[in-house]
Amino acid sequence: MRTKIVAGNWKMNNDINSSITLINDIKNGLAQKELNVKVVICPPFTSLSIASELIKNTPIKLGAQNMYFEKSGAFTGEISPLMLKSVGCEYVILGHSERRTIFGETNQLINKKIKSAVDNGLKPIFCIGETLEERELGKTFEVVETQIREGLQGISETELSDLIIAYEPVWAIGTGKNATPEQAEEVHLFIRDLISKIYSQKFAENLIIQYGGSVKPENSKDLMSKPNIDGALVGGACLIADSFIKIIESAQ
Ligand code: PEP
């Protein structure tokens, strides 16, 4: 039995003051609710410390949106897994399509980051997904398979015990145009089958595969009621406490 995980990717939004307001609103909205869903917030680096303080004694967990694979050193502007751990992060988003397309991250770099995250006790939320052009050319499965094979290359099933995969079709991110539950389920099933071939069936059965791409309160229930969709990675809608809470409730 897989427990659903709803994670909010704040992207480059919210300074300290607006982070405090948003976290308090989420906390208050979730108070007194029996949650059988895991909830993760991923604020920008500058708000991780205050977020960590504010979510103490709540079921909300903390994640970062990126990290570098080295532990320390001359890597100006980068953040290490040890730094994320020290500020209270349990999760880290890796391979987000914005990192791939805007910042040129390759499957090989993402592979190093995933290895480093698990070596340092962070749970990776590993994002994969095809562009619109790739989907229209019928290459969705091929693209997703390459991202998974290269992203997880050389990392064992035991090391990946806390892995989460987020299937995020690039054409659905921030566009308001989500994949239909059927389109998403088809790819999630493909991912689970592929993982069972690369690793074991047991590992694949226990793997959390989130869907991401224009998830909103209006579509989240239908998406997450599909058998292979184990939660959501939410961008835009997680910046409004009420929407994020409704999405969490729809996963219950
Ligand atoms: C994301 O950034 O991971 C995402 C899914 O964004 P949005 O929900 O805004 O499409």
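**Entry 1: terms and ground rules**

I call a residue buried under 20% relative accessible area, exposed over 50%, and partly exposed in between, with a 1.4 Å probe and protein chains only. The model is predicted, so I keep to the thresholds: local features need pLDDT of at least 70, side-chain atom pairs count only at pLDDT 80 or more, and totals for chains, interfaces and linings use all residues. Residues are numbered from 1 along each chain as its sequence is written, and side-chain values use heavy atoms, without hydrogens and water.

**Entry 2: two positive phi values**

I looked up glutamine 32 first. Its phi is near 65°, a positive value in a residue other than glycine. Glutamine 32 sits in the loop between helix H1 (16-30) and strand E2 (38-42). Helices (H or I, at least four residues) and strands (E, at least two) are DSSP runs, numbered from the N terminus. Is glutamine 32 buried or exposed? Glutamine 32 has a relative accessible area of 84%, so I log it as exposed.

Next I checked asparagine 57. Here phi is near 60°, again positive in a residue other than glycine. The loop holding asparagine 57 runs between helix H2 (48-54) and strand E3 (60-64). Asparagine 57 is exposed too, at 84% relative accessibility.

**Entry 3: the chain as a whole**

I count 11 helices and eight strands in the chain. The radius of gyration is 17 Å, close to the 18 Å that the globule rule gives for 252 residues, so the chain is as compact as a globular protein of that length. That radius is taken over C-alpha atoms, and the rule is 2.2 Å times the number of residues to the power 0.38. The C-alpha trace spans about 45 × 45 × 35 Å along its principal axes. Buried residues account for 50% of the 252.

**Entry 4: strand E1**

I moved to E1 (residues 5-9). Five of its five residues are buried. In a regular strand the side chains alternate between the two faces of the sheet. On one side of E1 I find Ile5, Ala7 and Asn9, on the other Val6 and Gly8, and all are buried. E1 pairs with E2 in the parallel sense over five bridges. Pairing requires at least two DSSP bridges between two strands. Opposite asparagine 9 stands cysteine 42 in E2.

**Entry 5: strand E5 and its neighbours**

How many of the six residues of E5 (residues 123-128) are buried? Five are, so the strand is largely enclosed by the rest of the structure. E4 (residues 91-94) runs parallel to E5, joined by four bridges. E6 (residues 164-167) is also parallel to E5, with four bridges. I followed phenylalanine 126 in E5: leucine 94 stands opposite, and its bridge partner in E6 is isoleucine 165.

**Entry 6: the ligand**

I finished at the ligand. It is surrounded by 14 residues, and the closest are Lys11, Glu168, Gly174, Ser214 and Gly235. A residue is near if one of its heavy atoms lies within 4 Å. By class, the shell has four nonpolar, eight polar and two charged residues. Gly counts as polar here, and Asp, Glu, Lys and Arg as charged; Ala, Val, Leu, Ile, Met, Phe, Trp, Tyr, Cys and Pro are nonpolar, and the others polar.

I then went through polar contacts, pairs of N or O atoms within 3.5 Å. A ligand oxygen is 3.3 Å from an N or O atom in the side chain of asparagine 9. For the side chain of glutamate 168, the distance from a ligand oxygen to an N or O atom is 2.7 Å. A polar backbone atom of glycine 174 lies 2.6 Å from an oxygen of the ligand. The protein covers 96% of the 290 Å² of accessible area that the ligand has on its own. Accessible areas come from the Shrake-Rupley method with a 1.4 Å probe.

Key. A polar contact is a pair of N or O atoms within 3.5 Å; within protein, one must be able to donate a hydrogen and the other to accept it, and residues adjacent in sequence count only if both atoms are side-chain atoms.
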